[in-house]
Amino acid sequence: MQNFKGIVRFFTILLILVCCLQLSFTFMARTFEGRADEYASKYVPNTPAPTSLNATEQLVFQDSLNGVRSLYRRAYLDSVLNLPLIDAPVLNEISTYKFSREHALSLGLDLKGGMSITLEIKEDDVLRSLSGDSKSQNFNKAIENAVKAQANTQGDFLTLFKKEFEALNKDAKLAAVFAPLPAYEGKITVNSTNDEVISVLRKDYDAAIKNTFTVIKTRIDQFGVASPNVSLQENTGRIMLELPGVEDPERVRKLLQQTAKLEFWETYENKEIGPVLEQVNTLVRDMEAKEKASASTTSSLVDTTALASDTTANDTSLFGNAAAANKDAVDTTSNPYPFYKLLNPAIDRDKGAYLDGPMVGYALGRDTAKINDLLAKPEIKALLPRDLSLLWSAYSLDKNTPLIGLYAIKKSTQVAPLSGDVITDATQSFDQSNRPEVSLTMNALGANKWERMTDAAVNGNVNGQPIKRCIAIVLDNKVFSAPRVQSKIAGGKSSITGSGDLTEAIDLANILKSGKLDAGTRIIEEQLVGPSLGKESIKAGLLSLAIGFAMVFVFMVLYYSTSGAIANIAMLLNLFILVSLMVSFGAAFTLPAMAGILLTLAMAVDANVIINERIREELARGKGIKLAVEEGYKHSYNAIIDGNLTTMVVSIVLMVFGLGPIYGFGFVLFMGLLTSMFTAVLVSQALFDSAFKRNINISFGNSFTMGLFKGTNIDFIGKKKVSYAVSIVVFAVFISSMLFYGFDLGVDFKGGRSYVVQFDKDVTTDAVIEALDKPLEGAPIVKTYGSSNQLSITTAYKIEDAAADSLVEAKLYEGLKGQFAQDPGYDNFRTKNVKSSVKIGATVADDIRSSAFYAVFFGLLGVFLYIFVRFRKWEYATGAVIGLIHDPIIVLGVFSLFRKVIPFPLEIDQNIVAAVLTLIGYSVNDTVVVFDRIRETIALHPTRPLVQNVNDSINQTLSRTIMTVFTVFIVSLILFIFGGASIRGFSFALLIGLLVGTYSSIFVASPIMVDLMSRKNKVK
């Protein structure tokens, strides 16, 4: 025994040292960052904005200072990235900023601010790519059906596709699509079955998915985000990203969703295509005239009210004098230029000639879709050269005007003569005019092709006349530039100009360097937390936890005296080890993690209370203090282990079925239960032994607390009819409310976009709803969020459109700008007033609902099986599970029935699911402790009536029950009062759940177990 205690002491000391080393990395990283802040503040002091500026200008001034300060800070950190903080032989490598930052405690986005994104890889794109873009109707229809089916099922895409393909035609063979392709020669034959084809495809399919993930991860690594977290969800085609500190979400969206399909194409000259477009204009004019002449239609083929050009006149000649003379006299009833009213032709009117180059015209961004529709009409396509492809420019021609160029691309083949596959490096640089560009370097094969391509361009001709042609550099079907080739280019060097500002050039270089995505991606879930809201959350959360813990520690000492101090040391060590383990495994400190720590504290308090109460019982029997401690620990093991293991079952289920915060909560809870059992059972006992050796006087309470619950003899089981009646009535009311009154579902469960917006004055929810009703095409859900000048706004407007994020933000600003005392401007509104935003698509909402349901269901099932195996009686398991079902129903019922009465939001979201699961973990522990004492009492007094044994057991554990719920209730109450608006609903659910869980353990689970066992005995 002494050897075992020595091992425990040695292991504890070793563990403390390892934890100190692990947490030292956080200290070193914060030291580097503190020095960086001092360096930045030295060169860019915190200067107040001039009072002559208005509020908006002052914000811009401060933003500019912060931006420059951030650059100095980053420059300092980059300079010390590989420098050691401690210059010692052993510590050189592990004390650098790079190493310490990677191993430091990381804050979650809800506490630090930043962006969380779920990307869905377009798996249909992968399959089409593997098929060589097959034109098979059955094949493409099956893909469409599989995409629709995937929105409502959890199966992998290839399996769904095969099912849909065979549903269209059970005799159809996939081999007909894939066998002719060179890539599958020898792998797929015309006789291969559909299962065999899918088996072959799956390898390439999985490789394409993983390559897409690798490319995305590389882009993020080069983006410059500190401690990003990027992970691939297997078999779902989804990529999870957490990007702390991101403040420009639009830049991130563009970075993640750009396919980076780079192509180099030959081009037509404007003078070659210009006359063809004149024919197009004539045809459009004739088509429009026919429609106007027809009595069956009243609408025009094109929108003649949206003028984008001044080239309108009654003369049909593009360069005629009448066009110049009558450009102000527009006859909209007989418009000779219906096509050119949308597309400005690229002409020099003074010289009466087409402009040089491949750009054939330019248009407003809003008109590009109309022009595309016209050019897609069969009658018009027949006029165009078969190898002509008209592509729009990637950027506007001028920063001051939203005009986009249209380029004439010559596609002699479907495959580009030169593609991005040959690019070996891409770097941001500057051209001769000091404008940002992207320099490209090619491999040997690419350099050879590029040399031949530029040589052909130099020796080009138009209508027999020699001309140096242009080559278009196209990325994702957008023309970035189309420079004229002056001479043959050897060595595989090229550049892309026209990329806008420096940031866009840097991002483009990173995208090209990372490589092309094998499939497109769409953002299906997004959460943006502003840094100010993150600071508020961490300040409020940590403050409330610290106050709560301090009150619990003080209470333990007041109630248990010296033994309470020993329990506090064990609990502090428990918290210390748990945080160290979180750092070791890379777990971020988030609000759900705080919930897991809270439940860990509850379990640790409970374990120490069980031990102390047992020791008190042994002392009351007249045993000496050393023997009482030994016997107290021995009789506590079963209750502590059973309570922790049943809760551990719940935590494992959460990790298996939970997504995002639910998984994080389950992980922290699982680790916390391990540390709690170690510190409460082994470490605290070692502390007692150490105190005995030093002859320290140990007491287990004072005269008041020692006899506080002594001699209680309440007939709990005798009151079961009353408790049953109360539970049934409350159950009926809350079930009815949930069925007929429903819930306020958070955006997690119903999909949509949710924003937290801060105003510069107090605003009413009714006024905001009225202001947004028209822009968002329907009234949003608006609730006060923490204060009267801060609101939560939820809308389903364009949630199915993955590319509508900026549009929705613009509509939000359009509706809300009148609610400010002073219009902040769109950019400030987006970056400053929108404190946080969440976007969740319908498919993700379905997955979250499903995972929450499965987590709760299998959690309850796991608890039932464990209790059944451990207690070997199904009556115990049934009573416990009914009690567990009872508790979340009551909590959810409160959220349903009182959601319009409580003065803060009672939305059902993932945080509330975490609260319910916390409640289940606490409640099952509470129930198991009572059941464990019942089993022990029955073993000691087998001939006594069952009701007496159960009543005695509940009375004996009553002090432990009240002490545990009281201490955890204190922490939850402090969390509710000081924790801030973001976790108020969570802490409110905990407060209700703690009371309900304690009630159910005594008045629901135990009486049901008694009734079931009594009925069984009667049958016998």
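Me: How many cavities of 30 Å³ or more does this predicted model hold?

Reply: Start with the general idea. Rolling a probe the size of a water molecule over the atoms shows where empty space is left. In this predicted model, the count comes to six cavities of 30 Å³ or more.

Me: What volume does the largest cavity have?

Reply: The largest cavity has a volume of about 120 Å³.

Me: Which residues are closest to the centre of the largest cavity?

Reply: The lining has 15 residues, and the closest to the centre are I610, R614, V929, R933 and T957.

Me: Which helices each supply at least two residues of that lining?

Reply: There are α19 (591-620), α20 (625-657), α30 and α32 (958-978).

Me: How do the lining residues of the largest cavity divide by class?

Reply: Seven are charged, five are polar and three are nonpolar.

Me: Now helix packing. At what angle do the axes of α30 and α31 cross?

Reply: Helix α30 covers residues 910-940 and helix α31 covers residues 946-956. Their axes cross at roughly 130° and come within 8 Å.

Me: Is the crossing of α30 and α31 left-handed or right-handed?

Reply: α30 passes α31 in a right-handed crossing.

Me: Which residues make the contact?

Reply: From α30 come V930, R933, I934, T937 and I938. From α31 come L946, N949, V950, S953, I954 and Q956. By class, this contact has six nonpolar, four polar and one charged residues. R933 of α30 takes part in the contact and is also among the residues closest to the centre of the largest cavity.

Terms used
Residues numbered from 1 in each chain as written. Predicted model: local features only at pLDDT ≥ 70, side-chain atom pairs only at ≥ 80, totals over all residues. Heavy atoms only, no water. Axes fitted to C-alpha atoms, helices over the stretch in contact; angles between N-to-C directions. Helix = DSSP H or I, 4+ residues; strand = E, 2+ residues; numbered from the N terminus. Left-handed = near helix turned anticlockwise from the far one by under 90°. Contact = heavy atoms within 4.5 Å. Nonpolar A, V, L, I, M, F, W, Y, C, P; charged D, E, K, R; others polar. 1 Å grid on protein atoms, 1.4 Å probe; cavity = no way out; pocket = protein on both sides within 12 Å on 5 of 7 lines; lining within 4 Å. Points joined across faces, edges and corners; volume = space filled by probe spheres on them.
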